[in-house]
Amino acid sequence: MTLLSTLSASPTPLPLTIEVREATPADAEAAGRVMYAAFRRFHESRGFPLDFPNVEVATGLAASYIADPLVYGVVAVSGDRIVGSNFLTEGDQIRGVGPISVDPDIQDAGVGRLLMQAVVRRGASALGVRLLQDAFNTKSLALYASLGFRVREPVAVMSGRPRARLAAGAEVRRMTPADLSAADALARRVHGVARGAELRSALGRGTPVVLERGGRLLAYMTMPELWLLNHAVAETEADLMDLIVGAAAACEEPIGFLLPVRHAALFHWCLGQGFAVVKPMTLMTRGEYREPQGAWLPSVMY
Ligand SMILES: CC(C)(COP(=O)(O)OP(=O)(O)OC[C@H]1O[C@@H](n2cnc3c(N)ncnc32)[C@H](O)[C@@H]1OP(=O)(O)O)[C@@H](O)C(=O)NCCC(=O)NCCS
């Protein structure tokens, strides 16, 4: 898909000709550099910690998304320069947008809108499209809402290690392929849809953990040490608390996750356990959305 448009806007002094096209492996490094610079500039300007600690993490993410057949990636190109990118995960019925970024030197000139329009068009026939938005980013909030995304949940990125010990009778262990059908069934009970592709991709990295009691799978979490890609579902909030405790015990580093803060008992419990609030985010959706039943933590996709 190629989309050509001529934009003239400040602060860029000259009119820009922007092409938005599907990303190729050769774009990964330049797209990752722009991603790192854009997120860094914005987060530093607002006094928040960086999502990507260094440029290698951003280029690695861009490369793995571009190489993944279940992710649709687009880049914005001006002349021979990559000036932005955006991604849509497509493995499951619900598509997930992001990360989107535009070169800080040419922001506010319409490039972000073109990149969002490309993934919205691509996801138009899906059951739904979702994203997590930095709640302190007035621009992206307005941009996404103007494209039909609705605010659903206030969310906080949490980081830390809980003080509690795992309750008697509960076991938290690494997920195996044999757990997948029970995990899919649990996600379907909570969200109304399974998110097997996201789960299987985490399983390929060997990171998911499950909570069991009496041999029954009651909760799972995909990537405790990387909040961006960490989603969880559980039958109850108590199960999710046990899962968090057990997952942290299995990890050397502090764990991180996105917590829907309207779940007040869970939020208050996390604070009491010593977790820190890193930053606020907002879950936004387009298309079908069913209020989750049970306990859940979204990834940065949904
Ligand atoms: C967010 C980002 C991708 C947007 O790209 P951009 O090229 O700067 O944005 P655009 O110029 O295409 O669009 C911005 C739109 O928001 C509007 N807007 C900006 N601030 C606004 C505000 N406070 N209130 C209402 N509308 C606002 C603009 O008027 C414009 O709308 P228009 O297309 O109708 O004119 C870019 O700023 C970026 O890379 N930021 C750093 C990374 C990041 O934060 N990513 C998103 C995480 S949620």
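**Core and domain contact in a predicted model**

User: Which residues does Leu243 touch, leaving aside those up to four places away in sequence?

Analyst: In this predicted model, Leu243 touches Val172, Leu211, Ala219, Met221, Ala232 and Ala234. Contact here requires C-beta atoms within 7 Å.

User: What makes Leu243 stand out in the largest nonpolar core?

Analyst: Leu243 is one of four residues, with Ala219, Tyr220 and Ala232, that touch the most other members of this 91-residue core. Membership requires a buried residue of a listed type, Leu among them, joined through C-beta atoms within 7 Å. Buried, in turn, means 20 or more other C-beta atoms within 10 Å. As a core member, Leu243 therefore meets these conditions.

User: Which element gives the core its largest share, and from which domains does the core draw?

Analyst: Helix 1 (residues 28-46) supplies the largest share, eight residues. Domain 1 (3-126) and domain 2 (158-297) each contribute at least three residues to this core.

User: How do you know that the two domains touch?

Analyst: The C-alpha centres of domain 1 and domain 2 lie 28 Å apart, yet nine residues from domain 1 and ten residues from domain 2 take part in the contact. On the side of domain 1 that touches domain 2, five residues are nonpolar, two polar and two charged.

User: What is the confidence of the protein chain, and where is the pLDDT below 50?

Analyst: The mean pLDDT is 94, and 95% of the residues reach 70 or more. Over residues 1-14 the pLDDT is below 50, although this stretch has 27 contacts in the model beyond near neighbours in sequence.

Technical notes:
Residues are numbered from 1 along each chain as its sequence is written. This is a predicted model: local features need pLDDT of at least 70, side-chain atom pairs count only at pLDDT 80 or more; totals for chains, interfaces and linings use all residues. pLDDT is the predictor's confidence in each residue, from 0 to 100. A residue is buried if 20 or more other C-beta atoms lie within 10 Å of its own, exposed if 12 or fewer, and partly exposed in between; C-beta atoms are placed from the backbone. Helices (H or I, at least four residues) and strands (E, at least two) are DSSP runs, numbered from the N terminus. Domain bounds come from an automatic or database domain assignment. Ala, Val, Leu, Ile, Met, Phe, Trp, Tyr, Cys and Pro count as nonpolar, Asp, Glu, Lys and Arg as charged, and the others, Gly among them, as polar.
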